[in-house]
Amino acid sequence: MNSSIMDSSNQLDSSIAVDVVDTITEQTNIFSEFWTSIDWAKIISVVTASAIQIVFFTIFFYLVKIIGNFFIERTFENYRKKKDISTNRLNTLYNLTKNLFQSFVGFFLFYAILSAIGIPVGTLLAGAGVIGLALSLGAQGFVSDIVNGFFLLLEKQIDVGDVVDLETVSGTVVDVNLKTTKVKSFDGTMNFVPNRYITIVSNKSREDMRAQIDIRLSPDTDIDKVNTIIAEVNDTLVPQYPDITNPPDNLGLINLGNGHYGIRIVIFALHGHEFEIQNAFSQAYVTALTKKGIEIPVNPLNVIQ
């Protein structure tokens, strides 16, 4: 009885082993047939041709980029030699032109590479159109940036190098494009402002800036003598500062508040030079008045302990 059971078990194990071997052999044959059915020569030729095309397109568009940048550089260099064109405006148009050119080159290179690989670009563009239509509501902000940026450039509201106040952001404009405007704050912070949020532009670089100098005087000071000394300083210093657009204007004796009186001089200069001129003239006025015996009152220093 036991011998019969053991023989039956051995036969079952042998049957299972044979089935496993047959299955593995069948799978191996299928894989072998699949492997041998692959046209490796054709695949290698297609991959090689695609790689050659990609290398060719990369080199071609790289040369196009170099040549295009060269012509852009030369064109704007010629424009910079003309004195009737704003430097800030030229820098703005230069950055915009270069960015647009590089974007076009990158787009066509990407298009060429996809075509070389065999990806149907036309179908992708059609699909992208459908997706774009579906996402049109989400792209409203992007469209607003482009439209607002276009009018910022068209109306010449902002140029590279201008000092501006954009409501909550103040500083020097570093770059202007159709999507964003880069403004570097005076503490070094770089602000990327989407153009759709630019509603009020206070441009401090388009008009001459005022340098105001107030000189306190004692009540018994000889005003005529003070005016003469100030005029002598102006005659000496004004020729040294070609950035002065409107010569010093002596407004005479004025009330400075808190019971103090003094002389106020106003000078207009090109943007960015007003503080330099204010400091230079203030020091020169005080030095000249002191040498001529004019007393200039000062506030006592209060030290809080």
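**Figure 1. Salt bridge between K98 and E73.** The side chains of K98 and E73 form a salt bridge, with a nitrogen-to-oxygen distance of 3.4 Å. K98 belongs to helix α3 (residues 87-117) and E73 to helix α2 (residues 40-80), so the contact ties together parts that are 25 residues apart in sequence. The structure shown here and in the other views is a predicted model. K98 is partly exposed, at a relative accessible area of 21%. E73 is likewise classed as partly exposed, with a value of 28%.

**Figure 2. The open sheet formed by β6, β8 and β7.** Three strands make up this open sheet, arranged in the order β6-β8-β7 with antiparallel pairing. Its edges are β6 (209-217) and β7 (244-257), each of which pairs on one side only. On average, and with direction ignored, neighbouring strands of the sheet are turned by 20° against each other. Nine bridges join β6 to strand β8 (residues 260-269) in the antiparallel sense. Within this sheet, M209 is placed opposite A269 of β8. Helix α6 (residues 223-237) packs on the sheet and touches β6, β7 and β8, its direction making about 20° with that of β8. Helix α7 (residues 274-291) also packs on the sheet, where it touches β6, β7 and β8; the direction of α7 makes about 20° with that of β6.

**Figure 3. Salt bridge between D214 and R264.** D214 and R264 form a salt bridge in which the closest N and O atoms are 2.7 Å apart. The pair links distant parts of the chain, since D214 is in strand β6 and R264 in strand β8, 50 residues apart. D214 has a relative accessible area of 33% and is therefore partly exposed. R264, at 23% relative accessibility, also counts as partly exposed.

**Figure 4. Salt bridge between K292 and E232.** A salt bridge joins the side chains of K292 and E232, with 3.8 Å from N to O. Distant parts of the chain are linked by this pair: K292 is in the segment after α7, whereas E232 is in helix α6, 60 residues apart. K292 counts as partly exposed, at 42% relative accessibility. The relative accessible area of E232 is 41%, so this residue is partly exposed as well. Side chains of opposite charge can pair when their charged atoms come close.

Technical notes. Residues are numbered from 1 along each chain as its sequence is written. This is a predicted model: local features need pLDDT of at least 70, side-chain atom pairs count only at pLDDT 80 or more; totals for chains, interfaces and linings use all residues. Side-chain values use heavy atoms; hydrogens and water are left out. Two strands pair if DSSP finds at least two bridges between them. Helices (H or I, at least four residues) and strands (E, at least two) are DSSP runs, numbered from the N terminus. Axes are lines fitted to C-alpha atoms, for helices over the stretch in contact, and angles run from 0 to 180 degrees between N-to-C directions. Contact means heavy atoms within 4.5 Å. A salt bridge is a side-chain nitrogen of Lys or Arg within 4 Å of a carboxyl oxygen of Asp or Glu. Buried means under 20% relative accessible area, exposed over 50%, partly exposed in between (1.4 Å probe, protein chains only).
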